[in-house]
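Me: I would like to go through the charged side chains of a structure with you, one question at a time, with the reasoning given before each result.

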Amino acid sequence: MGKLFSIGEVLIDFIPLQKGVALKDVFSFERAPGGAPANVAAAVAKYGQKAAMISKLGNDAFGNFLVEQLVEAGVEMDKVYRTGEANTALAFVSLKENGERDFSFYRNPSADLLLSEEEIEPAWFQAGDILHFCSVDLVESPMKQAHKKAIAAVSDAHGLVSFDPNVRLPLWEDPEDCRKAILEFLPTADIVKVSDEELNVITGIKEESDAIQSLFVGNVKAVVYTKGAAGADLFLKEEKIESRGYSVKPVDTTGAGDAFIGGFLYQLLELKANPANLEEVLQGNQTEILQFANASGALTTTGKGAISALPTKREVEELIGK
């Protein structure tokens, strides 16, 4: 049975107790474990498949908190190193009345960016595994090189590579640097998940269908195009598969996209997907995979935080049944 490996940032989201207030006016926060790759790993683990995190944390109380929370969520943390050279990353979140959010990050650099390629062991990866990554940790740093080594290693082992750009422009000195990094790593992925808000930023193409087709470069076999509450479309090179979202009352949209792709990758692990059979698996199980992913993302918005708001597998299945 394969395992999910998530590489990238593990951080603490400080979520305001007041909604509809600008970040500068928030006076009280509660902490929640987060970081997009960590959220995905937690979702896969919570639904019942093996998941491991690859990252680095500071030798600080925040790092200790994150290790405890992710272990409790079922995520393997033995590939998360600790360092005294930098602190654990923090993100302060401002919530609008509709649950949408704005971020302010504290990392200059943070510990995760210090993970080096020498700390990546190719022997970790086996056939049937999935490596998932995002763009936040693709800034010029040792961590960027660690991504390259991990991606090459899992590909050599005949595992799948999943890429969710998860664009966070405030973390980049120049937005064009973010776009260039995404386009550099895009061909290395088998699966690309992109949101309707990110598509034009990444591709620079206004026409939706043309923009999505432009993502089919290199190893890319499937593009998952998420549209928030409206659901998601799955694109294969010659096919478009549509799905509808689920109506819920959102409290906090933080981590909804991560819960979606976590549910999606959980299903691929259940179905023993690999680079050779990926398109066949997606075509044969499209309805079940997309329903589970959509329900996972929707239910996560009904609570605060990302990992702490993840639903159980039973709750996901109950929403699908309704």
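Me: How many salt bridges does a search of the whole structure find?
Reply: The model is a predicted one, and side-chain atom pairs count only at pLDDT 80 or more. With that in mind, the number of salt bridges found by a search of the whole structure is 15.

Me: Which residue forms a salt bridge with E76, and how many residues apart are the two?
Reply: The partner of E76 is K3, and their closest N and O atoms are 2.9 Å apart. This pair links distant parts of the chain, since E76 sits in the loop between α2 (61-72) and β5 (80-83), while K3 belongs to the segment before β1 (4-7).

Me: Is K3 buried or exposed?
Reply: Buried means under 20% relative accessible area, and K3 has a relative accessible area of 16%. Because the value for K3 is 16%, the class of K3 is buried.

Me: What is the class of K144 by relative accessibility, given that the side chains of E140 and K144 meet in a salt bridge?
Reply: The N to O distance in the salt bridge between E140 and K144 is 2.7 Å. E140 counts as exposed because its relative accessibility is 65%. For K144 the relative accessibility is 5%, so K144 counts as buried.

Me: Which helices hold E184 and K148, whose side chains meet in a salt bridge?
Reply: The salt bridge between E184 and K148 has an N to O distance of 3.1 Å. The two residues are 36 apart in sequence, so the pair ties together separate parts of the chain, with E184 in helix α4 (residues 175-185) and K148 in helix α3 (residues 142-156). Both are partly exposed, E184 at a relative accessible area of 37% and K148 at 35%. The helices asked for are α4 for E184 and α3 for K148.

Me: Where is D210, one of the residues of a negative surface patch?
Reply: The negative surface patch is formed by D196, E197, E207, E208 and D210. D210 counts as partly exposed because its relative accessibility is 45%. Its place is in residues 208-213, helix α6.

Definitions and conventions:
Residues are numbered from 1 along each chain as its sequence is written. This is a predicted model: local features need pLDDT of at least 70, side-chain atom pairs count only at pLDDT 80 or more; totals for chains, interfaces and linings use all residues. Side-chain values use heavy atoms; hydrogens and water are left out. Patches are made of residues with over 30% relative accessible area and no salt bridge: like charges are joined within 9 Å, nonpolar side chains (Val, Leu, Ile, Met, Phe, Trp, Tyr) within 5 Å. Accessible areas come from the Shrake-Rupley method with a 1.4 Å probe; for residues, only the protein chains shown count as cover. A salt bridge is a side-chain nitrogen of Lys or Arg within 4 Å of a carboxyl oxygen of Asp or Glu. Lys and Arg count as positive and Asp and Glu as negative; His and the chain ends are not counted. The place of a charge is taken as NZ of Lys, CZ of Arg, CG of Asp or CD of Glu. Helices (H or I, at least four residues) and strands (E, at least two) are DSSP runs, numbered from the N terminus. Buried means under 20% relative accessible area, exposed over 50%, partly exposed in between (1.4 Å probe, protein chains only).
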